[in-house]
Amino acid sequence: MEKNMALANKGGTAKAKLQKLGGFLAGMVLPNIGAFIAWGLITAFFIPTGWTPNANLNKLVSPMITYLLPILIGYTGGKLIYDVRGGVVGAIATAGIVIGSSIPMFLGAMIMGPLGGYLIKKFDEVVDGKIPTGFEMLVNNFSAGILGAILAIIAFLFIDPVVTGVSTGLGAAAQWVTAKGILPLIAIFIEPGKVLFLNNAINHGILSPLGIQQAKEVGKSIFFLLETDPGPGLGVLMAYWIFGKGTAKQSAPGAVIIHFFGGIHEIYFPYILMNPILVLAVIGGGIAADATFVLTKAGLVATPSPGSIIAEIAMSPKGGLLPVLTGIAVGAVVSFLIASVFVRRASEESMSEENMNFAKSMVSNLKAQSKGQAVTSDIPAAEPKLIVFACDAGMGSSAMGESILKKKLKDAGLNISVKHSAVNQIPKDADIVFTQESLAERASQVAPTAQIVKVNNFLDGKVYDEFISSLKKK
């Protein structure tokens, strides 16, 4: 028993570390999605094969993908480590690896940006309290400039060839997998990974850099479709809508709208966790969709974020919309057919029991992994000043939860500040953090003094009603 518990704890901690790394990688990309979409739209319209070819405006495409986007990522990576000062040094370091490369250096930016932020942070810690009065600005400016220059030179001369080789190798491997026709099998890893809240790490940390490199060469890429495809999740939600029972059936229609049109894929994860065998449905749907994408040579010009059908359409190249929509539809139908078998078999009671058992096992594992930090759902005795909703990226489901609770607090006459954020960036002064169960351990590490309230579904108003009721009683 103890051996099994140790193995479970080790596995859970490894997953939390992987989620943390993935969340950090995604945190460098997500704030810059607007820039990626801008580049994607310019590419879709003005390249020679675009919707409205324009040789003059086409000059924007290459500099943006070669310089602007990687440097933005490098700045954001450094800023995550050490605020604006870290961002500036990270951007300088990234410039060195970008200027010396012949390919879009997104992988290099994800290395040099955080490295620059980390090193300037360590320098400031070493000299803290040792700078003579009146020389602070001089030392701060020159230290950032000198360190940035050194990192840029090192990146230009030594790191760039290594990262270029790795990026080229990954691109060649991706093309080989595609050429051999085995790319659809990647859904076996992507779909379960999404349900484990590794979706942003998979998309923005792995697939997007590969897709951008391919898009620069051929004008589109299938890699932008593999994780963002809303079809498999739509199939599961439709099965619950038609064949489900109780709360799952009642909430499915709203979830369909939020998932398919809003692009918030996290909304369907609890429906799979209620009945884990449904992961076979999204895997089957993912394989079918990806096979269709391969056969029809589908691709997008840039990553659609969030993964909404609207964004998928907007990022489709000229003449390439039908293959994209066909693949999404095939994935949804196959996922629906598989999910329907399992959803029809399950009674309302059995689904609730499975969900409860799953929740209990997750709570047990997370408590064992918390390294002595209590993860609890109790409400503090004093009225909180700041409540934070935290999801992996801090953009989708957490924002919806924030909106719902704000309205309920206002109706209840309670004046409490409510915000949303990525789980890696929870404010230190947060009193209460609402987050998914799989992210609770990370939330407790980032905000050790906060109470962690674990929720399966950020749209479940009953959770907030109980929370407000507890506040009023205290």
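These are my notebook entries on a predicted model.

**Ground rules**

I number residues from 1 along each chain as its sequence is written. Local features need pLDDT of at least 70 and side-chain atom pairs count only at pLDDT 80 or more, while totals for chains, interfaces and linings use all residues, and side-chain values use heavy atoms, with hydrogens and water left out.

**Overview**

I started with the secondary structure, which comes to 17 helices and 4 strands. Helices (H or I, at least four residues) and strands (E, at least two) are DSSP runs, numbered from the N terminus. I then looked up burial. Of the 474 residues in the protein, 51% are buried. Buried means under 20% relative accessible area, exposed means over 50%, and partly exposed lies in between (1.4 Å probe, protein chains only). The accessible surface comes to about 21200 Å², and carbon and sulfur atoms hold 67% of that. Those areas come from the Shrake-Rupley method with a 1.4 Å probe; for residues, only the protein chains shown count as cover. Next came contacts, meaning heavy atoms within 4.5 Å. Among contacts with a separation of 6 or more, 74% join residues 24 or more positions apart.

**Nonpolar cores**

I looked for nonpolar cores: sets of buried Ala, Val, Leu, Ile, Met, Phe, Trp, Tyr and Cys residues joined through side-chain atoms within 4.5 Å. The largest has 70 residues, and Trp39, Ile73, Phe223, Val236, Tyr240 and Leu278 touch the most other members. Helix 6 (residues 187–218) gives the most to this core, with 8 residues. A second, separate core has 17 residues, including Ile387 and Phe458. I went back to Ile73. Leaving aside neighbours within four places in sequence, Ile73 is in contact with Met28, Val29, Asn32, Phe36, Phe106, Ala109 and Met110.

Helix 3 (61–99) and helix 5 (136–179) each give two or more residues to the patch. Helix 5 has the largest share, 9 residues. Ile154 sits in helix 5. Ile154 is partly exposed, at 35% relative accessible area.

**Glu312**

Is Glu312 buried or exposed? Glu312 is buried, because its relative accessibility is 0%. Glu312 lies in helix 12 (residues 309–314). Leaving aside neighbours within four places in sequence, its contacts include Leu225, Thr228, Asp229, Pro230 and Ile328. Glu312 and Leu325 are 13 residues apart in sequence and 8.5 Å apart in space, C-alpha to C-alpha.

**Salt bridges**

A salt bridge is a side-chain nitrogen of Lys or Arg within 4 Å of a carboxyl oxygen of Asp or Glu. I count 5 by this rule. Arg85 pairs with Asp124, the closest N and O atoms being 2.7 Å apart. Arg85 lies in helix 3 and Asp124 in helix 4 (residues 106–127), so the pair ties together parts that are 39 residues apart in sequence. Asp124 counts as buried, at 14% relative accessibility.

Lys122 forms a salt bridge with Glu125, at 3.4 Å between the closest N and O atoms. Both lie in helix 4, 3 residues apart, so about one helical turn separates them. Lys122 is partly exposed at 36%, and Glu125 is partly exposed at 44%.

Lys407 and Asp411 meet in a salt bridge at 3.3 Å, N to O. Both are in helix 15 (residues 397–411), 4 residues apart. Lys407 is exposed at 55%, and Asp411 is exposed at 58%.
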